Amino acid sequence: MDRLDKMANKYKIALFIVTVFAMLWLFGVFVFWPQQARRAELAAEYRLVRAKVEQLETFALAHPDADRYLAELGTKLSEAEKILPNEPDVGGFLLEVERVSRESGVQLLHVQPGVPANKNGYRQIPVEILVRGNYFQMLTFLSKLEGAARFNSVVNMTMQSRAGQLESKLSVLIFSYSVAPQPQAAAKQR
């Protein structure tokens with residue numbers, strides 16, 4: 001205290017100002033700036049939550065009857081699974097080919113599914129189909145096969161005339177959404 005009393009007033013004022021600035025700097029470093037950073041984080045989180053709430057409000061306005069909307073989604077999902085099922089269901093496709101051949105009047109001579117091939121996120125199954133009928137029956141068959149519930153793609157078709165009838169060999173690809181496990185991967189899991 002004795003040293004402080006002996007100091008000139010201008011030094012006392014300077015020491016007081018330096019002490020005040022040091023206190024303000026320490027307050028800023030240890031209290032204010034960390035709170036500002038936390039405030040910025042909370043503001044960003046608030047904006048994100050607010051955007052989600054706005055999306056939910058928009059959805060609720062667009063679909064006021066949630067039960068009916070869920071039923072519609074269930075119907076659409078079952079339609080999508082008919083078009084592109086999770087399982088190969090080759091038998092279901094073969095039954096559909098048989099039904100389409102009966103309806104179009106062609107004679108179904110031979111059907112042979114091939115070996116499934118895993119693609120990027122889906123499975124592709126080749127099917128060879130041999131049918132016999134007249135030109136218009138073939139067109140009807142192809143049209144109905146294309147319009148079938150199961151997604152399929154005719155990738156190759158050869159036609160020959162035999163005894164006044166057309167004999168057509170079709171290479172058709174059917175698809176399923178799932179991918180079969182690889183034999184090596186299955187062995188590693190054991």
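Helices here are DSSP runs of H or I with at least four residues, strands are runs of E with at least two, and both are numbered from the N terminus. Keep in mind that this is a predicted model, where local features need pLDDT of at least 70, side-chain atom pairs count only at pLDDT 80 or more, and totals for chains, interfaces and linings use all residues. Residues are numbered from 1 along each chain as its sequence is written, and side-chain values use heavy atoms, with hydrogens and water left out.

Let's start at D89, which sits in the loop between α3 (66-83) and α4. D89 isn't a glycine, yet its phi is positive, at about 45°. A163 lies in the loop between β4 (152-162) and β5, and at 85% relative accessibility it counts as exposed.

Now on to α4 itself. Helix α4 (residues 90-104) packs on helix α5 (residues 135-146) at an angle of about 145°, and their axes are 9 Å apart. The axes are lines fitted to C-alpha atoms, for helices over the stretch in contact, and angles run from 0 to 180 degrees between N-to-C directions. On the α4 side the contact uses F93, V97, V100, S101, E103 and S104, while α5 brings Q137, T140, F141, K144 and L145 (contact means heavy atoms within 4.5 Å). Sorted by class, that contact has five nonpolar, four polar and two charged residues. Here Ala, Val, Leu, Ile, Met, Phe, Trp, Tyr, Cys and Pro count as nonpolar, Asp, Glu, Lys and Arg as charged, and the others, Gly among them, as polar.

What about the largest nonpolar core? A nonpolar core is a set of buried Ala, Val, Leu, Ile, Met, Phe, Trp, Tyr and Cys residues joined through side-chain atoms within 4.5 Å. The largest one has 16 residues, of which F93, I129, F141, L145, V172 and I174 touch the most other members. Two or more residues come from each of α4, β3 (123-133), α5 and β5 (165-176). Take V172: leaving out residues up to four places away in sequence, V172 touches F93, I125, P126, V127, I129, L145, N152, S153 and V154.

Q124 is in strand β3 and is buried, with a relative accessible area of 16%. Beyond four places in sequence, Q124 is in contact with V115, P116, A117, K119, L173, I174 and F175. Its C-alpha atom is 6.7 Å from that of S176, 52 residues along the chain. M138, in helix α5, counts as buried at 2% relative accessibility. M138 touches V106, V131, R132, G133, M159, L166 and S168, again not counting residues up to four places away.

Finally, head for helix α2 (residues 9-62), where you'll find E45. E45 is partly exposed, with a relative accessible area of 47%, and its C-alpha atom is 56 Å from that of N156, 111 residues apart in sequence. For residues 12-33, an unreviewed UniProt entry lists "transmembrane region"; UniProt positions are given in the numbering used here, feature names are shortened, and annotations may be inferred rather than shown by experiment. In the model, residues 12-33 are 100% helix and 0% strand, with the end C-alpha atoms 30 Å apart.

How values were computed:
Buried means under 20% relative accessible area, exposed over 50%, partly exposed in between (1.4 Å probe, protein chains only).
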